[in-house]
Amino acid sequence: MEYIKDKIEKIVSEYVKREFGKEYPVRFLNPPKISMGDLTLSSAFEIGKRERKNPKEIAEKLKALLNEIDEIEKIDIAGPGYINLFLNKEKYFNNIKNVIDYKKSGKKTGKTIVEHTNINPNKAAHIGHMRNAVLGDTLVRMLKFTGEEVEVQNYIDDTGVQVADVVYGALYIDNKSIDDLRKIEKIDYYLWDLYVRVYENDSEESKNRRREVHHKIEKGKSPEREYAEFISLAVLKRHLETVERLGIYYDVLPRESDIIALKFWDSAFELMKKSGVIYFQDEGENRGCWVMKVFEDGEEREKVIVKSNGAITYVGKDISYHLWKFGLLKKDFYYKKFDKRHYITTSKSEEAEEGISFGSGKRVFNVIDQRQSYLQNIVKKAISKMGYEEAAENLTHFSYEVVALSKKSAEEMGFKVEEGKSFVEVSGRKGVGVKADDLIDELERRALSEVRKRHPEFSSEKSESIARMISSSALRYYMLKYTLNSLIVFDFDEALKFEGETGPYLQYSNVRMKSLFRKFEEETGIKVEDEIKPPYFFESFESDKLESLWEAIVIASRFDSELDASIKNLEPSRLAKFAFLLCQKLNYIYNNFPVIKEKDREKRKITLFTLHFLYKQLNKTLDILGIEKPEAM
RNA sequence: GCGCCCGUAGCUCAACAGGAUAGAGCAUUGGAUUUCUAAUCCAAAUGUUGGGGGUUCGAGUCCCUCCGGGCGCGCCA
């Protein structure tokens, strides 16, 4: 489809240039119904509006020009000026290889850094974190598919108050030694409860002691620091195990403690002072602080970057970290292996593995929920004001709404829901939330029971492996099907579904196709790839039947533009919906068009071809969505 | 107080940058397997797109206003 669109674009652009001496973007629409056309060109409206011409007249002119394109069979002008194009089916079918393999010449951006997940290493991951990880991972897959170089970072805030609070709990509430902690199997679960207990009986005294613990952790060498290091790494390991269940990995795990130890801030501070972005305030309420001016709605405000006690604020650390991401800081971390798949930062040069380096991206995406918009914006402004306008321009906050718990689900778990509220906010401090591992366990359990029911002959190993793929896809699709600014009100009934618009439905459709092709080859002795080679003859097909196959082909041909739009609008849900649509078409054809039993070889060939084309497009889409494809279900 | 986001079918959500008759899933009712996996498919029913006004060839989408909801605005991270 992109192949034909490019041809059309060229002709329209040339026309606009010749006639008006200008350049307008050429845009296409999908007709609401395939009977109206295979593709709609909306240029008549755009040109008409800008040149104050009647859209219909422009449409007529374009129609005459576009008639020359070989692949276009008919052009209709509809309504106020839609240019509806009908493709020549025969030519399209026979040329489908070009359609699939055609690649628009895109320009490479340079290295893109995507930061996502970023779970505080002080308790178990919950479903909200999974939304972040799945969105981030899918963004990575989308970019990689288009050939971009992508580096994936998962930032570990191992010196924050959250970690300090559980260190305090382990030390002073539970009196655990590090060895005791080491013996706990799921330390993230233990800390989930401990974290709640820390806040349950909070007092002025405990508050002070927590602050003291936090201080000691930031300062360096102390027992508290050792606890913090042990806990954050142990929990990190658990988090990585959790996201691995969804097929999610990272290139590097930058640690805040290393940012502090390597004094990233000092370099950033120098740069900020030099560019005049921050200055010392010697009066008013921010007396003794280094502050940055922020303009908000015409008003000038001060944002504290260095506190009066010399400590750096969160924004300050974030600014220095982002300067590093763009390679603008004259400093770098050292890196060592954390496990088989991940590198982690270290501040000790003697631990460093040689020849390994990260950061210095051309473009950065931060996958962080919508509540952080204000701070993300300040970081962006700071970088821009320091004179790095290009970097600021290439810094994108990939923002999304959070996950809350439905009233029903919350009550099932024994949480109180405020009167009149239909959902409850997830809160680590209160322990309100669904642990990711618990949810995945439950999904796996249900999937396994379904697989066993359907395939009692499978070995338990095989069944379990399939169940794992199903549970992973169920969760991934659940997190992806909502648009970014839709608040997900998590509901067990909805999330545990395997029917309808779900990940398992997509997998099932894929499995059906695979097994159909396999059976076809077994029974006929002909390879599918050989069978579907051109030429095609449509005469034998009833026209309405052919039309529904054609519709499926047109829809499947939109893969490239759908991926493109998903990336441009930063909206992975769009691609998820597209996968679902493909599967609906696949299943419809599957149910209504016989293949192996079809006596008419031409009909069989065209049906098989259509299914195969959809299957190929679906496979690419599933890969990008991170949905695995089981052999059987 | 200021700023951002949201309000669409009984429920959960779509609607591509302002485009054509606002669509899916779930739930409900009825149907499909001598035929390629029924985690499937088909059919029926469901709407004053929160209310009102404006902009234009055209508004769920943009502007104003009102109502209802969410979030953010720290010398917390």
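This briefing describes a protein chain and the RNA strand beside it. The model is predicted, so local features need pLDDT of at least 70 and side-chain atom pairs count only at pLDDT 80 or more, while totals for chains, interfaces and linings use all residues. Residues are numbered from 1 along each chain as its sequence is written, chains are lettered from A in the order in which they are written, and side-chain values use heavy atoms, with hydrogens and water left out.

**Surface near RNA strand B**

- RNA strand B is surrounded by 71 residues, where near means that a heavy atom of the residue lies within 4 Å of the strand, and the closest are Tyr 82, Arg 454, Thr 483, Tyr 508 and Arg 512.
- By class, this surface has 30 nonpolar, 19 polar and 22 charged residues.
- Of the RNA strand B atoms within 4 Å of the protein, 66% belong to sugar or phosphate, and the rest belong to bases.

**Polar contacts (pairs of N or O atoms within 3.5 Å)**

- A polar side-chain atom of Gln 370 lies 2.6 Å from a sugar or linking oxygen of RNA strand B, and for an N or O atom in the side chain of Glu 256 the distance to a sugar or linking oxygen is 3.4 Å.

**Tyr 508**

- Tyr 508 is in helix α21, residues 503-524, a helix being a DSSP run of H or I with at least four residues, numbered from the N terminus.
- Tyr 508 is partly exposed, with a relative accessible area of 36%, which falls between the limits of under 20% for buried and over 50% for exposed (1.4 Å probe, protein chains only).

How values were computed. Helices (H or I, at least four residues) and strands (E, at least two) are DSSP runs, numbered from the N terminus. A polar contact is a pair of N or O atoms within 3.5 Å; within protein, one must be able to donate a hydrogen and the other to accept it, and residues adjacent in sequence count only if both atoms are side-chain atoms. Ala, Val, Leu, Ile, Met, Phe, Trp, Tyr, Cys and Pro count as nonpolar, Asp, Glu, Lys and Arg as charged, and the others, Gly among them, as polar.
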